[in-house]
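I opened my notebook to go through a chain step by step. Here is what I looked up, in the order I did it.

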Amino acid sequence: MNTRLIPFVLLVACGTPATTYVSAASAPPERSVAVTGTARVDLVPDESCIELTLSVRDSAISVSHEGLMAHVSSLLEALGEDDSLRVERGAIRYAPYYEDIDAGYPRTRRVTGHAATARINVRTQDFERIPGVVSLAATRGLERVDVVFYSTELVARKAALRRQALEAARDKADDMAGTLGTSIGEVISIREAGASNSAQVAMLNVYTPTPQTDSTPSLPPQPGSIPLTLSVDIVYALSE
């Protein structure tokens, strides 16, 4: 809903004029139809990112650092032997760790050492290489591993999905206007209501609710697919 601010000048006795703003809703366009077009596509992941976290702890931070650097250098060398892997190295971080010396309240703690931590990302389109990459890190201070699957076609497919949503909205407006014995005219307004995709890869088939989507694949999505949904809101003028 559009809102207009209408100024009123009030004259106050023995004082200076004061301006007050009153909100007034704009009248909706006459003879118009508002529709929403929604399209969805399910993308099959074609690349993975193996997020490796290496960590070394010691009472001396210099020892933690040296031990971590040895693990990082060894792992990077091992990964470099495979040209199909894209390796990204993150910054080194340091954090103290503590032990309790008094269990009372307030609790008293003291620093007993430091942990040096490094993050290395390994990207590959060959999912069968994931166990081998993790095995290389397992003997080199591996503390945590996460694997993220995604689609490199996400941006390109979003543009195509937008066109599908626009066509779906136009077809819906045509059908509504035709049923009522009129036709659509020029576009008054258009807005992309939003796009969404799941950051997690679902391992189960999810059937698309038909009432919520105007353009969607007729078959159930493949296991592990990434759903991408986009909606547009359009207001058309109706012909006289």
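How many helices and strands does the secondary structure of the chain come to? I counted three helices and nine strands. A reminder to myself: this is a predicted model.

**Entry 1: the order of things**

Next I wrote down the order of the elements. Starting at the N terminus, I read β-β-β-β-α-β-β-α-β-α-β-β. I also looked up how much of the chain is tucked away. The chain has 240 residues, and buried ones make up 28% of them.

**Entry 2: helix α3**

I picked helix α3, which covers residues 154–179. That gives α3 26 residues, and I get 37 Å from its first C-alpha to its last.

Which residues of α3 are buried? My list reads Leu161, Ala165, Ala168, Ala169, Ala173 and Ala177. After the helix comes Gly181, and its phi is positive, near 80°.

I zoomed in on Ala168, one of the buried residues in α3. Its relative accessibility is 13%, and the cut-off for buried is under 20%, so Ala168 counts as buried. Thr38 is 130 residues away from Ala168 along the chain, yet their C-alpha atoms are separated by 7.1 Å.

**Entry 3: a charged patch**

Glu167, Asp171, Asp174 and Asp175 form a negative surface patch. I followed up on Asp175, which sits in helix α3. Is Asp175 buried or exposed? Its relative accessible area is 53%, and exposed means over 50%, so Asp175 is exposed.

**Entry 4: salt bridges**

Side chains of opposite charge can pair when their charged atoms come close. With that in mind, I counted 11 salt bridges.

I started with Arg119 and Glu51. These two form a salt bridge, and their closest N and O atoms are 3.0 Å apart. Arg119 lies in strand β6 (residues 108–124) and Glu51 in strand β4 (residues 47–58), so this pair ties together parts that are 68 residues apart in sequence. Arg119 is partly exposed, at 35% relative accessible area, whereas Glu51 is buried, at 18%.

Then I went to Glu192 and Arg162. Their side chains meet in a salt bridge at 2.6 Å, N to O. Why does this pair tie together parts that are 30 residues apart in sequence? It does so because Glu192 lies in strand β8 (residues 184–197) and Arg162 in helix α3. Glu192 is partly exposed, with a relative accessible area of 34%. Arg162 is partly exposed too, with 28%.

I also noted a network here: salt bridges that share partners join Asp82, Asp126 and Arg129. Within it, the side chains of Asp126 and Arg129 meet in a salt bridge at 3.3 Å, N to O. Asp126 has 31% relative accessibility and counts as partly exposed. Arg129 is partly exposed as well, with a relative accessible area of 34%.

**Entry 5: back to strand β8**

Last stop: Gly185, which I found in strand β8. How many residues apart in sequence are Gly185 and Val33? I get 152, while in space they are 9.8 Å apart, C-alpha to C-alpha.

Terms used: Residues numbered from 1 in each chain as written. Predicted model: local features only at pLDDT ≥ 70, side-chain atom pairs only at ≥ 80, totals over all residues. Heavy atoms only, no water. Helix = DSSP H or I, 4+ residues; strand = E, 2+ residues; numbered from the N terminus. Expected span 1.5 Å × (residues − 1). Buried < 20%, exposed > 50% of the residue type's maximum accessible area, 1.4 Å probe, protein only. Patch = residues over 30% accessible without salt bridge, like charges linked within 9 Å, V, L, I, M, F, W, Y side chains within 5 Å. Areas by Shrake-Rupley, 256 points an atom, 1.4 Å probe, with all protein chains shown as cover. Salt bridge = Lys/Arg side-chain N within 4 Å of Asp/Glu carboxyl O. Lys, Arg positive; Asp, Glu negative; His and termini not counted. Charge placed at Lys NZ, Arg CZ, Asp CG, Glu CD.
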